[in-house]
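Please keep the sequence and the model side by side while reading.

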Amino acid sequence: MRKASWLPLAALFLGSTPAQAQEAPGPNNRAEAIKIIAGLRKVVAPEGLERTEKLRIGGIDQWVSVRSRDLRNPVLLVLHGGPGWVAMPTSWYVAHGWDEFFTVSSEGLPIGVPMRASKARR
């Protein structure tokens, strides 16, 4: 019987509380998203390294990413994907934690370049 006496009071309280929409959490645009991801990807260890650069390998420009929290760690070379599959933009997320135990190096070809380069060499 006591529960029944609380129902009108609860209905009165809930009915008098105005509903307020909350602002959607960010990011609100691409620039904000890029800034957030860059912060998550950053290696901050003093002995660490985070570098992405273009190298010419086999006559084709390729991008190589090297990440490590400690350069004394053994090197782990990640060869990923195949034609048309780009993994480097998200590899830091998938392999998060590997850079604690390894110096992770992954390579990637720019989209479309391998096909054009291979046709040019024929």
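**The chain as a whole**

Among the contacts in the protein between residues at least 6 apart in sequence, 63% join residues at least 24 apart, where contact means heavy atoms within 4.5 Å. This is a predicted model, in which local features need pLDDT of at least 70 and side-chain atom pairs count only at pLDDT 80 or more, while totals for chains, interfaces and linings use all residues. Residues are numbered from 1 along each chain as its sequence is written, and side-chain values use heavy atoms, with hydrogens and water left out.

The protein has 5 helices and 4 strands, and from the N terminus on these elements run in the order α-α-β-β-β-α-α-β-α. Helices (H or I, at least four residues) and strands (E, at least two) are DSSP runs, numbered from the N terminus. Of the 122 residues in the protein, 21% are buried; buried means under 20% relative accessible area, exposed means over 50%, and partly exposed lies in between (1.4 Å probe, protein chains only). The protein exposes about 9900 Å², of which carbon and sulfur atoms supply 64%; accessible areas come from the Shrake-Rupley method with a 1.4 Å probe, and for residues only the protein chains shown count as cover.

Strand β1 (residues 49–57) pairs with strand β2 (residues 60–68) in the antiparallel sense, over 9 bridges; two strands are taken to pair if DSSP finds at least two bridges between them.

Which residue forms a salt bridge with Asp 61? The partner is Arg 56, with the closest N and O atoms 3.4 Å apart, a salt bridge being a side-chain nitrogen of Lys or Arg within 4 Å of a carboxyl oxygen of Asp or Glu. Asp 61 is partly exposed, at a relative accessible area of 26%, whereas Arg 56 is exposed, at 58%. The structure holds 7 salt bridges, and several of the residues discussed next take part in such pairs.

**Asp 99 and its surroundings**

Asp 99 is found in helix α4 and, with 5% relative accessibility, counts as buried. Asp 99 forms a salt bridge with Arg 69, the closest N and O atoms being 3.0 Å apart. This pair links distant parts of the chain, since Asp 99 belongs to helix α4 and Arg 69 to the loop between β2 and β3 (75–78), 30 residues apart. Glu 100 also forms a salt bridge with Arg 69, here with the closest N and O atoms 3.3 Å apart. Glu 100 lies in helix α4 and Arg 69 in the loop between β2 and β3, so this pair ties together parts that are 31 residues apart in sequence. Arg 69 is partly exposed, with a relative accessible area of 28%, and Glu 100 is partly exposed as well, with 40%.

The side chain of Asp 99 also makes a polar contact with the side chain of Arg 67, at 3.0 Å. A polar contact is a pair of N or O atoms within 3.5 Å; within protein, one must be able to donate a hydrogen and the other to accept it, and residues adjacent in sequence count only if both atoms are side-chain atoms. Arg 67, Arg 69, Asp 99 and Glu 100 are linked in a network of salt bridges.

Where does Val 43 lie? Val 43 is in the loop between α2 (30–41) and β1, and at 16% relative accessibility Val 43 counts as buried. The C-alpha atoms of Val 43 and Asp 99 are separated by 8.9 Å, although the two residues are 56 apart along the chain. Leaving aside neighbours within four places in sequence, the contacts of Val 43 include Leu 49, Arg 67, Arg 69 and Asp 99. With residues up to four places away likewise not counted, Asp 99 touches, among others, Val 43, Ser 68, Asn 73 and Val 104.

Helix α4 (residues 98–101) also holds Trp 98, which is partly exposed, with a relative accessible area of 38%.
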